[in-house]
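Visitor: I'm new to reading protein structures. Could you walk me through a few features, giving the general idea before the case at hand?

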Amino acid sequence: MTTASTLAAPVLILLAPPGAGKGTQARMLEETFGFVQLSTGDLLRAAVAAGTDAGKQAKAVMEAGDLVSDEIVIAILRDRLNDPDTRKGVILDGFPRTTVQAQALDTLLRETGQKVNAAISLDVDDAAMVTRISGRFTCGTCGEGYHDSFKAPQTEGVCDKCGGTDFKRRADDNAETVTQRLEAYHAQTAPLITYYDDKGALSRIDAMGDIQDIAAGLGAIVKSATA
Ligand code: ADP
Ligand code: ZN
C-alpha cells in the first residue's frame with residue numbers, strides 16, 4: 001500500500017563553498033543510500049552544452065563565477081524533481097544557493113508532502129579551496145572526480161571507476177573565477193546555514209580531513225536524519 005509517509009522521499013542538502021567536496025560526497029551518499037545526486041551545476045553545464053535558452057543565459061554568468069538567476073535554476077530543479085528516479089530520495093548538491101531558492105524548495109516540497117530532512121554544512125578553510133579547485137578534473141565517461149595532488153587515478157590517464165580515458169576540466173575551475181565563487185558563496189549562500197538552523201534541520205561537519213572519514217561522518221548524519 002502506498003501511504004503519504006512512504007511517498008515522502010528523503011531530501012538532503014549539502015551546503016558548502018566551491019571546492020569543499022560536495023560533489024564527491026554526494027556521489028558517495030548516492031552509492032551508500034541509493035539516493036539520487038542532483039547537482040544544479042551539472043544540470044546547468046548540460047544546458048550550456050545543449051545550447052538551450054537557459055544554457056545560453058547561464059554560460060557567461062557561470063564563467064564569471066556569479067550565480068545564475070533564481071528563476072532559471074528553480075525551473076531546472078523543478079523539472080528534474082519530476083523525474084521518477086527522485087522518489088528514491090535526493091541529495092541536493094549546489095541547491096539551494098540563495099534564500100529565494102530555499103523558499104521555492106520549501107514550497108515545492110510542501111506540494112508533495114515532503115520536507116528537507118537535513119541541510120549539512122561542510123565546513124572548510126577558504127584558502128585551501130583555491131588549491132583544491134585548481135587541480136581538479138573528472139572522468140568524462142562516468143563523472144568520477146579526481147585531483148592532481150590529492151586523488152590522481154591509480155593508473156595515469158585511466159579512470160579507476162570505469163576505465164575511461166577521457167577526462168574533463170571545468171571552464172570555471174581557475175584561480176580567478178574561484179575567488180568570485182567564494183565571494184558569491186559567503187554573500188548569498190552562507191546565510192542558508194542560519195535559515196536551516198532556525199528550522200532545526202542543520203548539521204555541520206568538518207570537511208578539511210580525509211575523504212573517507214568525512215564520508216563516514218556524513219553517512220551517520222544522513223542515517224539519523226532519514227531514520
Ligand atoms: P561549485 O560548487 O564548485 O561552484 P557547481 O557545479 O555547484 O560548482 O556550480 C557551478 C556554477 O553553476 C556556479 O558558480 C553558478 O554559476 C552555477 N550554479 C550552480 N548551482 C546554482 C544555483 N543553485 N544557483 C545559482 N547558480 C548556480
Ligand atoms: Zn570513469
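Visitor: Let's start with Cys139. Which residue is its bridge partner in β7?

Guide: First the general idea: strands of a sheet pair through backbone hydrogen bonds, either parallel or antiparallel. In this predicted model, Cys139 has Phe167 as its bridge partner in β7. Cys139 belongs to strand β5, residues 136-139, and two bridges join β5 to β7, with the strands running antiparallel.

Visitor: What is the order of the strands in that open sheet?

Guide: Three strands make it up, in the order β6-β5-β7, and the pairing is antiparallel. The edges are taken by β6 (145-147) and β7 (167-168). Each edge strand has a single partner, so one of its sides has no neighbour in the sheet.

Visitor: I also see a zinc ion, ligand 2. Which residues coordinate the zinc ion?

Guide: Cys139 turns up again here. The zinc ion (ligand 2) is held by the SG atoms of Cys139, Cys142, Cys159 and Cys162, at 2.3 to 2.4 Å. Along the sequence, these donor residues follow the spacing C-x2-C-x16-C-x2-C.

Visitor: How do I read the geometry? What are the angles among the four donor atoms?

Guide: Start with the ideal: four tetrahedral donors have angles of 109.5 degrees at a metal. At the zinc ion (ligand 2), the angles run from 103 to 113°, and the site is tetrahedral.

Visitor: Is Cys139 buried or exposed?

Guide: Buried means under 20% relative accessible area. Cys139 has a relative accessibility of 2%, so Cys139 counts as buried. Cys142, another of the zinc donors, has 27% and is therefore partly exposed.

Visitor: What kind of peptide bond joins Phe95 and Pro96?

Guide: A cis one, with omega at about -5°. Pro96 sits in the loop between β3 and α6.

Visitor: Last one: pockets. How much space lies in the second largest pocket?

Guide: The idea is that rolling a probe the size of a water molecule over the atoms shows where empty space is left. The second largest pocket holds about 360 Å³. It is lined by 17 residues, and those closest to its centre are Leu81, Asn82, Thr86, Thr112 and Gln114. Helices α5 (70-81) and α6 (99-111) are the elements that give two or more residues to this lining. The largest share, three residues, comes from α6. By type, the lining has nine nonpolar, four polar and four charged residues.

Key
Residues are numbered from 1 along each chain as its sequence is written. Chains are lettered from A and ligands numbered from 1 in the order in which they are written. This is a predicted model: local features need pLDDT of at least 70, side-chain atom pairs count only at pLDDT 80 or more; totals for chains, interfaces and linings use all residues. Side-chain values use heavy atoms; hydrogens and water are left out. Donors are N, O and S atoms within 2.8 Å of the metal (3.2 Å for Na, K and Ca); water is not among the atoms, so sites may look incomplete. Four donors count as tetrahedral if all angles lie between 85 and 135 degrees; four count as square planar and six as octahedral if opposite donors are over 155 degrees apart and all others between 65 and 115; anything else is irregular. Buried means under 20% relative accessible area, exposed over 50%, partly exposed in between (1.4 Å probe, protein chains only). On a 1 Å grid over the protein atoms alone, a cavity is a set of points where a 1.4 Å probe fits but cannot get out, and a pocket is an open set with protein on both sides within 12 Å along at least five of seven lines; lining residues have an atom within 4 Å of a point. Grid points are joined across faces, edges and corners, and a volume is the space filled by probe spheres set on the points. Helices (H or I, at least four residues) and strands (E, at least two) are DSSP runs, numbered from the N terminus. Ala, Val, Leu, Ile, Met, Phe, Trp, Tyr, Cys and Pro count as nonpolar, Asp, Glu, Lys and Arg as charged, and the others, Gly among them, as polar. Two strands pair if DSSP finds at least two bridges between them.
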